[in-house]
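Work through the exercises below with the model open. Each task is followed by a stepwise solution.

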Amino acid sequence: MDRVSPKPSEGDVNLSPRRAAWQAAMLDEPTRALLAEDARYFLHQALSTPCLTALRRCEGIYLEDLQGRRYMDFHGNSVHQVGFGNPAVVAAVKAQLDVLSFCPRRFTNEPAVALARKLAQLAPGDLRKVLFCPSGTGAIGIALKLARTVTGRYKTVSMWDAFHGASLDAISVGGEELFRRDIGPLLPGTEHVPPPDPYRCLWDCQARGGCDLKCAAYIEYVLEKEGDVAAVVAETVRATPVIPRREFWQAVRAACDRHGALLVLDEIPTALGRTGAMFACEHYGVVPDILVLGKGLGGGIMPLAAVLARERFDVAADRALGHYTHEKSPVAAAAALATLQYIEDHGLVERARVLGQHAMERLRVMQVRHPLIGDVRGLGLLLGVELVTDRATRAKATAEAEAVMYAALARGLSFKVSMGNVLTLAPPLVITRAELDRALDILDDSLTEVERHR
Ligand SMILES: Cc1ncc(COP(=O)(O)O)c(C=O)c1O
């Protein structure tokens with residue numbers, strides 16, 4: 001096995017020899033021609049152009065490329081809770097386009113108000129004030145500004161390795177080297193702490209006989225030392241996934257309260273049923289002060305994100321917190337209303353919970369058979385398989401993870417590799433048990449193939 005590993009990063013690597021080999025074997029002339037045009041006109045950047053291949057259709061759990069090959073999509077940029085091209089969402093968008101396709105900022109409209117009301121009803125606690133914008137990154141920016149306005153403070157505590165979007169404010173609180181390197185000064189006052197990662201705990205919990213929440217204690221330590229932190233900003237569960245213990249968020253919630261800091265939870269990729277709860281924070285019995293949603297909120301069709309805040313935080317009437325052109329897009333709101341309705345009508349939250357348990361059982365069995373698997377973890381249909389070259393040292397199997405990804409892709413299963421070595425499985429919540437089993441069979445076969453060639 002080639003040990004020259006791609007640089008571990010949030011996604012798969014778009015310039016690796018393994019990608020070139022996959023393309024050489026799989027792509028026909030028309031696809032190559034389109035990829036060349038893509039590379040000619042788009043600015044090249046990590047994780048996108050140059051692209052892997054080109055798509056012509058998406059439907060349900062499937063993507064279809066120009067050559068007619070279909071892939072079960074266990075990545076979907078986390079927009080596909082209700083599946084691609086969900087007929088209910090498409091119909092709602094089409095109907096709205098015929099009536100009111102845009103709403104300039106000084107006006108409001110029925111779908112936008114209905115969506116704000118619906119989210120306020122669904123959200124935990126008193127998160128009853130809402131602001132929309134077209135991207136998760138923008139919503140994080142709004143949350144940061146609101147936290148500053150509410151507290152009169154500007155500092156934040158957030159986590160290394162976290163992702164909150166690609167803009168300068170979002171990468172300032174984000175913790176990924178790929179986004180932060182070589183880009184110049186970031187926001188001041190953005191303290192970072194280690195993530196609560198049970199498998200790679202910096203405080204070596206396992207060796208000390210179990211978790212005693214040093215990671216949460218350290219956050220409180222920083223809150224106390226700084227003394228004037230506006231907010232702790234974090235993903236409730238990382239989409240990679242990293243799943244903290246229940247007590248972690250309870251301890252951090254209490255620490256925020258003790259030190260006058262707000263708790264801002266980013267559930268952009270993980271809310272709306274993904275984890276087997278409508279909102280991931282429900283698993284932890286905590287209510288954040290600000291909850292940020294996005295991704296699948298627009299049904300995988302319309303770009304839409306939302307900031308949900310406590311009722312008493314409605315304190316910025318004389319300032320612009322968001323001010324986005326598409327702030328109250330009636331079409332995006334119609335898509336979101338149809339999406340939420342679909343999730344409720346089809347029991348997708350419960351489905352994610354049940355199918356997630358089934359997947360975890362199968363992954364644990366695979367772990368026994370595949371020496372490459374160091375850890376399996378999941379919450380609902382947010383699943384991770386961490387590959388290591390050595391279970392004792394937990395050395396990351398980055399080259400192997402990439403090889404498994406391409407082996408699976410060749411068999412019709414697409415997923416993302418996170419942190420260089422974590423196979424990240426996030427299927428649409430509309431997936432059937434039989435389809436999920438087929439995908440896990442593909443994963444199993446792909447692992448076997450890669451292990452055979454090591
Ligand atoms: C946790 C998290 N926060 C924020 C964002 C940014 O969302 P967007 O790409 O819609 O700006 C993402 C996107 O991947 C995300 O995963």
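**Exercise 1.** In which strand does Lys416 lie? Then decide: is Lys416 buried or exposed?

*Solution.* The model is predicted.
- Step 1. Lys416 belongs to strand S15, residues 416-418.
- Step 2. The relative accessibility of Lys416 is 18%. Buried means under 20%, so Lys416 counts as buried.
- Step 3. Now look along the chain. Asp73 is 343 residues from Lys416 in sequence, yet their C-alpha atoms are 9.5 Å apart in space.

**Exercise 2.** Describe how helix H8 packs with helix H9.

*Solution.* Two packed helices are described by the angle and the distance between their axes.
- Step 1. Locate the helices: H8 spans residues 214-226 and H9 spans residues 246-259.
- Step 2. Their axes come within 9 Å and cross at roughly 10 degrees.
- Step 3. Angles under 35 degrees count as roughly parallel. H8 and H9 are therefore roughly parallel to each other.
- Step 4. List the contact. H8 brings Cys215, Ala216, Ile219, Glu220, Leu223 and Glu224; H9 brings Phe248, Ala251, Val252, Ala255, Cys256, Arg258 and His259.
- Step 5. Sort these residues: 9 are nonpolar, 1 is polar and 3 are charged.

**Exercise 3.** Which residues have the most contacts inside the largest nonpolar core?

*Solution.*
- Step 1. This core holds 103 residues, and Trp249, Leu387, Phe415 and Leu443 have the most contacts inside it.
- Step 2. Helix H10 (residues 330-345) gives the most to this core, 9 residues.
- Step 3. Take Phe415. Beyond its neighbours within four places in sequence, its contacts include Phe74, Val404, Met405, Leu425 and Leu443.
- Step 4. A second, separate core has 23 residues, among them Ile142, Leu144, Ala170 and Val173.

Definitions and conventions. Residues numbered from 1 in each chain as written. Predicted model: local features only at pLDDT ≥ 70, side-chain atom pairs only at ≥ 80, totals over all residues. Heavy atoms only, no water. Axes fitted to C-alpha atoms, helices over the stretch in contact; angles between N-to-C directions. Helix = DSSP H or I, 4+ residues; strand = E, 2+ residues; numbered from the N terminus. Parallel < 35°, antiparallel > 145°, perpendicular 65-115°, else oblique. Contact = heavy atoms within 4.5 Å. Nonpolar A, V, L, I, M, F, W, Y, C, P; charged D, E, K, R; others polar. Core = buried A, V, L, I, M, F, W, Y, C linked by side-chain atoms within 4.5 Å. Buried < 20%, exposed > 50% of the residue type's maximum accessible area, 1.4 Å probe, protein only.
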